[in-house]
Amino acid sequence: MKEFKLDNEPKIMPGFKVPEGYFENLENSVLQKITEKETPVYSLFTKRNWFIAAAAVFVIALSIPIVNYMNASTSTIDQVQLETYLTEQSNLSEDDIVELLDEEKIQKIKLELNVNTNELEEALLTNSNLEDYLIN
């Protein structure tokens with residue numbers, strides 16, 4: 001590889017030059033371009049601004065309950081849907097459900113069957129669809 005020394009190579013001149021007398025006249029040219037314009041000053045505490053601020057607070061105060069109502073979950077499950085799900089989709093047996101209940105709730109669920117045997121025999125004899133009851 002060929003040795004490269006910066007001192008021996010010709011210098012490349014930059015492409016940018018500052019015009020002569022630029023910095024001596026810079027201050028005067030900038031001051032000439034600046035024109036003093038008086039900017040208007042608006043006060044924040046005018047009657048109109050107070051009304052706008054009060055209206056904004058009022059709108060925000062009214063919108064908070066509306067937003068909370070819209071974001072509230074409406075996924076309440078009624079008792080019929082829950083019962084249908086447990087009977088059709090769940091793998092829980094009756095014994096599993098009874099284990100989860102306490103003794104007081106089990107006593108409320110129990111039904112008292114006071115069936116007169118004479119009435120039961122008469123109903124079975126008069127009913128011609130006895131096989132439907134036995135199958136189901």
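A pocket is an open set of points on a 1 Å grid over the protein atoms alone, with protein on both sides within 12 Å along at least five of seven lines; lining residues have an atom within 4 Å of a point. This is a predicted model: local features need pLDDT of at least 70, side-chain atom pairs count only at pLDDT 80 or more, and totals for linings use all residues. Residues are numbered from 1 along each chain as its sequence is written, and side-chain values use heavy atoms, without hydrogens or water.

**View 1. The second largest pocket.** Its lining consists of Glu94, Ile97, Val98, Leu101, Ile106, Ile109 and Lys110. H4 gives the most to this lining, with three residues. Helices are DSSP runs (H or I, at least four residues), numbered from the N terminus. Five lining residues are nonpolar and two are charged, with no polar ones. Here Ala, Val, Leu, Ile, Met, Phe, Trp, Tyr, Cys and Pro count as nonpolar, Asp, Glu, Lys and Arg as charged, and the others, Gly among them, as polar.

**View 2. The largest pocket.** Gln79, Leu82, Glu83, Leu86, Thr87, Leu92 and Ile97 line the largest pocket. H3 supplies the largest share of this lining, five residues. By class, the lining has four nonpolar, two polar and one charged residues.

**View 3. Ile97 in helix H4.** Ile97 belongs to helix H4 (residues 94–100). Ile97 counts as partly exposed because its relative accessibility is 36%. Buried means under 20% relative accessible area, exposed over 50%, and partly exposed in between (1.4 Å probe, protein chains only).

Technical notes
Helix = DSSP H or I, 4+ residues; strand = E, 2+ residues; numbered from the N terminus. 1 Å grid on protein atoms, 1.4 Å probe; cavity = no way out; pocket = protein on both sides within 12 Å on 5 of 7 lines; lining within 4 Å.
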